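Dear colleague,

Please find below the structure I mentioned, together with its sequence.

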Amino acid sequence: MNISQFSDITGLSPHTLRYYENIGLLTPISRNESGHRSYSKKDHEWVAFIIRLKDTGMPLKQIMHYAELRAEGTETSAERKLLLELHSNMLEMKIAQEVEHLEALKKKIKYYNNLI
């Protein structure tokens, strides 16, 4: 699929997709006979994972490190797993903190409900 279609599917702008390719986060995308980018299902799976990492708060620098390890092959599997485990732990702590915030807000709302 072309960059416009891929942009629609991923929700990332063509500019962002080109940027990710330029910084090496996306391996060079294959080109069709006209020279236009042609994205594959594997590209979509990788971009979906990048989006998930970003949405869960992983910094782009860390995602880049993960991508570099990924490009090196299976011998970096243990290091990639460790990166994901550390990120998962951070995410669990963040979720717990958000639950605490939510409970505090609910408590305050209940307080106001009793006043009104």
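E85 and K81 both lie in helix 5, 4 residues apart, which is about one turn of the helix, and they form a salt bridge in which the closest N and O atoms are 2.8 Å apart. Please bear in mind that this is a predicted model. The relative accessible area of E85 is 35%, so this residue is partly exposed, whereas K81, at 52%, is exposed.

The count of salt bridges comes to 2, and the other pair is R37 with E21, where the closest N and O atoms are 2.6 Å apart. Because R37 lies in the loop between helix 2 and helix 3 while E21 belongs to helix 2, the pair ties together parts that are 16 residues apart in sequence. Both R37 and E21 are buried.

Helix 3 covers residues 41–55, and its 15 residues reach 21 Å from the first C-alpha to the last, close to the 21 Å expected at 1.5 Å a residue. Its buried residues are D43, W46, V47, I50, I51 and L53. Seen down the axis of helix 3, these buried residues fall within an arc of 160°, so they line one face of the helix. They pack against helix 1 (3–10), helix 2 (14–22), helix 4 (60–72) and helix 5 (77–115), while the face turned away from the buried side carries the exposed residues K41, R52 and D55. At the N-terminal end, helix 3 is capped by S40, a side-chain oxygen of which lies 3.3 Å from the backbone nitrogen of K42. Just after helix 3, G57 takes a positive phi of about 95°.

T56 sits in the loop between helix 3 and helix 4, and with a relative accessibility of 18% it counts as buried, because the cut-off for that class is under 20%. Its side chain is joined to that of H87 by a polar contact of 2.7 Å. If neighbours within four places in sequence are left aside, T56 is in contact with H87, M90 and L91.

The residues buried in helix 4 are I63, M64, Y66, A67 and L69, and they pack against helix 3 and helix 5. Helix 4 is followed by G73, whose phi is positive, near 105°.

Terms used
Residues are numbered from 1 along each chain as its sequence is written. This is a predicted model: local features need pLDDT of at least 70, side-chain atom pairs count only at pLDDT 80 or more; totals for chains, interfaces and linings use all residues. Side-chain values use heavy atoms; hydrogens and water are left out. Helices (H or I, at least four residues) and strands (E, at least two) are DSSP runs, numbered from the N terminus. The expected span of a helix is 1.5 Å times one less than its number of residues. Buried means under 20% relative accessible area, exposed over 50%, partly exposed in between (1.4 Å probe, protein chains only). The arc is that of the directions from the helix axis to the C-beta atoms. Contact means heavy atoms within 4.5 Å. A polar contact is a pair of N or O atoms within 3.5 Å; within protein, one must be able to donate a hydrogen and the other to accept it, and residues adjacent in sequence count only if both atoms are side-chain atoms. A salt bridge is a side-chain nitrogen of Lys or Arg within 4 Å of a carboxyl oxygen of Asp or Glu.
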